[in-house]
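Please load the model in a viewer and keep the selection panel at hand. The stops below each give something to select and a note on what is there.

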Amino acid sequence: MRHIFGAYAYGAGPRTGCWWDETAPLPDWPAAEGALKADVVVIGGGFTGLNAALTLAQAGTDVVVLDAMYPGWGASGRNGGFCCLGGGRRSFKSLAAEFGPQAAHDFFATERASIDHVGALLDRFSIDADRHSNGETKLAHTKSRLQELEREADEIATEGWDNPVVTGPADLPGIGIGGNFHGALTVRTGFALNPRKYVLGLAAAAAGAGARIFAQSPVTGTKKTGNGWTVSTPAGTVTADAVLIATNGYSSEDLPDWLSARYMPAQSTVLVTRPITAEEQAAQGWTTDQMCYDTRRLLHYFRLMPDGRFLFGMRGGIRSTPGAEAQARARTRRDFDRMFPQWAGVSSTHSWSGFVCLARRLMPFVGAVPGSAGMYAAMAYHGNGVAMGSLSGHLMARQILGHDDEVPVTMRRPLTRFPFGRFRRVVMPAAYASYALADL
Ligand SMILES: Cc1cc2nc3c(=O)[nH]c(=O)nc-3n(C[C@H](O)[C@H](O)[C@H](O)COP(=O)(O)OP(=O)(O)OC[C@H]3O[C@@H](n4cnc5c(N)ncnc54)[C@H](O)[C@@H]3O)c2cc1C
């Protein structure tokens, strides 16, 4: 496996200190051994791979899931738990110009459908994932951004979506929001959850439907064999008619070779505090359990969780080494202190990092890998894959089952290459610097 970051990024280091790990025990999945056969083999046991496995298994397909570490080890078990919009990063106007207004409309409808998809899974499989928050709230970090939020609310209202509500600065305390914010836009779409409880519930549902799930089974190679594929792990092989790549930010340049330079892993770092008392919440003026983020391009995302702990996240570092990880965690704490000064004495008991995945066209990809019959990929949710990754896995499975027309046309166009090939990370410092300037 050829990765574009050093080995530290793909090991235990960035994940150490993840709060979610303390909230639910892992089942004991076996490693894949010997020569296995299946109809479909899924590489990657996160929201994408497990949703695909569930849908395939429910349709009577014999499916094997292989994860290099264990299901939920990647971003799916260590994210902020915002089940929200934002899997693509393109505006309506830009999508309409490329694909036509109907296709643009369909994509935004799909984003909303992805949230309903997760809600329905939680209900259907009785997954108790500590769900809270009635939609999401975006907070203006400058006065001019409040005007942008007002324009955004008008656009959303014109589309007839989400019933947007703008709150001026004077009314923020009344909705439990305290801090240096200049107003808010709330849409009643989305909710927050405990991602580990969701991913483990999903794995149990997929296994219950007949999927065979293996941990500690890194796929080291894929080979076309007859009408299908054989994938290799250190202790075995799986031969199947179809293979699905569901590795997102943890992808490799050579799995398959086509993927080389077509995805950009980017780090995100999170901290979780000890439970904050009611008095401390009142002192900061923050009492809402609404999931929130600010209007910075390098945004912060945060929410008060049902147990009183506060989760606060932001972009991570550009490098991934023990030193860079320590700096990213310190920077996250520094921004938290700046935004929530009354909680300077509240310790952050947990902090960790992980990879999200960007595409050059700023849209998720769900579809067939060009030139490799029977190989598929679903990935690139731009840091918002709780909902979109889940629906993408499901849609990918539906396509494999022969329902070709359910993936929106905007998500079918294959991933294109970033400049600079395997050295593409060199663009990130400049991109982050320009975003930081725009955030002033
Ligand atoms: C810190 C952080 C905060 C985030 N917050 C949010 C949020 O609040 N809301 C939101 O919507 N999104 C958030 N995201 C993004 C979201 O978590 C991801 O988009 C989503 O989890 C992607 O799911 P996935 O299944 O595609 O990939 P992943 O969950 O990353 O799973 C990929 C899996 O592939 C496995 N793998 C890789 N290579 C191989 C191989 N060769 N063989 C076998 N297995 C392999 C890995 O072990 C891994 O388990 C966040 C991400 C991070 C890192």
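**Stop one: a helix and its cover**

Select helix α7 in this predicted model and colour A324, E325, A328, R331, T332, R333, D335, F336 and M339, which are buried. The helix runs over residues 322-339, 18 residues in total. From the first C-alpha to the last, α7 reaches 26 Å, close to the 26 Å expected at 1.5 Å a residue.

Next, show what covers those buried residues: the set includes the strands β12 (264-273), β13 (291-294), β14 (301-304), β15 (310-315) and β16 (348-358), together with helix α6 (278-284).

**Stop two: the nonpolar cores**

Which residues touch the most other members of the largest nonpolar core? Select L66 and Y198, within a core of 102 residues. At least three residues of this core come from domain 1 (7-80 + 196-264 + 360-438), and at least three from domain 2 (132-191 + 266-356). Another core lies apart from it, with 19 residues, including L139, L271, L304 and M314.

Now centre on L66. Neighbours within four places in sequence aside, L66 is in contact with A32, V41, V42, I43, G44, G45, F214, S217, V219, V231, T233 and V238.

**Stop three: the ligand**

Select the ligand and its surroundings, 37 residues, of which T48, D67, S76, F82 and V386 are the closest.

- G81: a polar backbone atom is 3.3 Å from an oxygen atom of the ligand.
- G383: a polar backbone atom is 3.0 Å from a nitrogen atom of the ligand.
- G385: a backbone N or O atom is 3.0 Å from an oxygen atom of the ligand.

Note on methods: Residues are numbered from 1 along each chain as its sequence is written. This is a predicted model: local features need pLDDT of at least 70, side-chain atom pairs count only at pLDDT 80 or more; totals for chains, interfaces and linings use all residues. Side-chain values use heavy atoms; hydrogens and water are left out. A nonpolar core is a set of buried Ala, Val, Leu, Ile, Met, Phe, Trp, Tyr and Cys residues joined through side-chain atoms within 4.5 Å. Buried means under 20% relative accessible area, exposed over 50%, partly exposed in between (1.4 Å probe, protein chains only). Domain bounds come from an automatic or database domain assignment. Contact means heavy atoms within 4.5 Å. Helices (H or I, at least four residues) and strands (E, at least two) are DSSP runs, numbered from the N terminus. The expected span of a helix is 1.5 Å times one less than its number of residues. A residue is near a molecule or strand if one of its heavy atoms lies within 4 Å of it. A polar contact is a pair of N or O atoms within 3.5 Å; within protein, one must be able to donate a hydrogen and the other to accept it, and residues adjacent in sequence count only if both atoms are side-chain atoms.
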